[in-house]
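Here are my notes on the model, point by point. Please read them with the structure open.

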Amino acid sequence: MEHKNKLSSAPLYEALLAYRDSKQRSFHVPGHKNGQAYRHLVEQVEAGQPPAKDIVNEEHQHNGEIQNDGGKNVNQKVERFSSVGEHGADLESVERLSVEGAHSELELVPVRSFLEMMEMDVTEITGTDDLHHPEGVIQEAQELAADCFGAEESFFLVGGSTAGNLSLLLTVCDEPNSIVLVQRNVHKSVIHGLMLAGARAVFLEPWVDPASGLAVMPSMETVQAAVQTYPEAKGVLVTLPNYYGMGADLTPIAEVCHAAGMPLLVDEAHGAHYGQHPELPVSALSCGADGVVQSTHKMLTAFTMGAMLHIQGPRLNRSLLRQRLAMVQSSSPSYPVMASLDLARRLLHVQGANTFTAGLAAVNAFKRGLAELPRFQLLQPAQPLQPEPPAGTAKPAGMPVSAAQQTREGLTAAAMPSAAGYTAQDPFKAVIYDGTGVLSGYGLQQQLEACGCVPEMSDERYVVLLFSLGSTVQDAQHLLQALHHISSANGHEQVQQSNAEPSQQIAKGSAHYISTWNNSQENTRYSEPISFTLQPIVETDTINVPIEESAGCRSAEMVIPYPPGIPLVYPGERISPSMVARIQLLRDEGAKFHGVSDASLQSLRVMKE
């Protein structure tokens, strides 16, 4: 009973409530003094009085020339009255200035809910603990988080998953020119971590799902080959799930890493909810990962920027990790953000799998409704990782269709692509596309937004619709109504002309499919070591060459199709012929690029040999 009561507590959040209720006088930062700087303005507005009324009335009484208007006219700032008095303006000009200043004056007043949040926006004082040296409520909150997520030790992050990725890389790269084996299509925060560490990256090519054309993660064989070639590597870093909610079992990769004495680091930013419900994929920690970064704000209930870093096993230097975390995180962390992490954990501890009941019901309602809209298809793995239910048991609504079922429905097993690298789909990431090819992903997103539905992201083909534990069946119904409207208003007649299977429809036009998430290179499993540094490249050491002549050269700039900002080529990397062709294809399809001096990508800046 005592353990259960402890799990239902939120020590950091409760400490902030106690501070708020104590009504102590603040003689410390922050400067808003528990919201006191705004409180009198809020109270005046709530009382039906214009802001700064008392100050203006004093001016009325002092001047004598300005009659009390009974509050009918809005008063202006003291500065304006002072200016009026100095220049001898008449009453009419004063009243005109008062009315003109009404809107800007009201904009000074925050809403009551924001003021209430300020009452818990504190700093490191007695009773609130210190994130960088926790001994009290923060330490207790982090210990409860470790218990909830299955870690040996957990750390609160107030700079998002970026802070976690930076600290992990700065920990494993404990000497200059350390080699790290890194999945190629990683978030830019990983690249920044390599730069800060002065590390060398061996980029692992991700496995590309042949049906969808989307990169998932490196295969176990790729990791194994790279580990054998670079046994001195400090660790392996992969991203799972990807932005589309796609993934696979990490256990074989963890075993390869551990056999070589290397830690497995996982950017699990989009998988904070994994392992918390039977219908959700398993977590990276349960697969054996040593360091896992999760954006608790993305798929759980924390405030934006709230994330966690989970650690297990002996392969990471935890004292060094604490030092690195103190380097990359603010020395004045946001207590409301940390308290939201505490509350997100408590919700899972108290409600368990039931936390996701309503959200999954919304997803399943959407999938049932989508089945009645033949135009729009749903991306799903051919061979799901989740076990089949016992014989005679009804399959839960929305559960991915198994390969066996697809065979019974006329798709032979021989016709199905290998799904070794894509066996798990996050049910909360509903990835849809227009089976007729009339609307691109970008076009479909625009039409959904015009109907009041804002997707997470889109690319040339797909739209990612992000559900969560906070989604409702009403949300799903609104989304289905929007898709019904789009289907009937745009290209509906073409649905009847398409009799191809969904897998064939996905493959349609795949030769020209552009995903800014992908940046894989064909016919190679991993790159040679690429050095990263904070030192800028000297311009005199570079030269511009036509893009078609850049194969074999070392790039002097980063080629980043945007969004979402996954680099294709890194400074110092030797450019392959296949990458030149891919850049040209992206350019010709209209993709936009960051990091290049020639935005038209007719030329590329490379290193002089």
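1. A note on terms: helices are DSSP runs of H or I with at least four residues, numbered from the N terminus. Lysine 33 sits in the loop between helix 2 and helix 3. Keep in mind that this is a predicted model.

2. Backbone of lysine 33. Phi is near 55 degrees here, a positive value in a residue other than glycine. Most residues other than glycine have a negative phi. Lysine 33 has a relative accessible area of 27%, so it counts as partly exposed.

3. Lysine 23 belongs to the loop between helix 2 and helix 3. Its phi is positive, about 55 degrees, and lysine 23 is not a glycine. Is lysine 23 buried or exposed? Its relative accessibility is 63%, and the cut-off for exposed is over 50%, so lysine 23 counts as exposed.

4. The loop between helix 2 (11-22) and helix 3 (36-46) also holds proline 30. The bond joining valine 29 and proline 30 is a cis peptide, with omega about 5 degrees. Most peptide bonds are trans.

5. Which peptide bond has omega near 0 degrees? The one from leucine 240 to proline 241, which is cis. Proline 241 lies in the loop between strand 4 (236-239) and strand 5 (246-247).

6. Helix packing. The axes of helix 12 (residues 220-229) and helix 13 (residues 251-259) are 9 Å apart, at an angle of about 10 degrees. Angles under 35 degrees count as roughly parallel, so helix 12 is roughly parallel to helix 13. On the helix 12 side, the contact uses Met220, Val223, Gln224 and Val227. Helix 13 brings Pro252, Ile253, Val256 and Cys257. By class, this contact has seven nonpolar residues, one polar and no charged.

7. Threonine 222 is in helix 12. Why does threonine 222 count as buried? Because its relative accessibility is 6%, and buried means under 20%. The side chain of threonine 222 makes a polar contact of 3.0 Å with the side chain of serine 219. Leaving out residues up to four places away in sequence, threonine 222 touches Leu204, Glu205, Arg525 and Tyr526.

8. Cores. The largest nonpolar core has 54 residues. Phe366, Leu448, Phe467 and Leu483 touch the most other members. Contacts of phenylalanine 467, not counting residues up to four places away in sequence, include Met299, Phe366, Phe428 and Leu479. A second, separate core has 42 residues, among them Val223, Tyr244, Met262 and Val292.

Conventions. Residues are numbered from 1 along each chain as its sequence is written. This is a predicted model: local features need pLDDT of at least 70, side-chain atom pairs count only at pLDDT 80 or more; totals for chains, interfaces and linings use all residues. Side-chain values use heavy atoms; hydrogens and water are left out. Axes are lines fitted to C-alpha atoms, for helices over the stretch in contact, and angles run from 0 to 180 degrees between N-to-C directions. Helices (H or I, at least four residues) and strands (E, at least two) are DSSP runs, numbered from the N terminus. Angles under 35 degrees count as roughly parallel, over 145 as roughly antiparallel, 65 to 115 as roughly perpendicular and the rest as oblique. Contact means heavy atoms within 4.5 Å. Ala, Val, Leu, Ile, Met, Phe, Trp, Tyr, Cys and Pro count as nonpolar, Asp, Glu, Lys and Arg as charged, and the others, Gly among them, as polar. Buried means under 20% relative accessible area, exposed over 50%, partly exposed in between (1.4 Å probe, protein chains only). A polar contact is a pair of N or O atoms within 3.5 Å; within protein, one must be able to donate a hydrogen and the other to accept it, and residues adjacent in sequence count only if both atoms are side-chain atoms. A nonpolar core is a set of buried Ala, Val, Leu, Ile, Met, Phe, Trp, Tyr and Cys residues joined through side-chain atoms within 4.5 Å.
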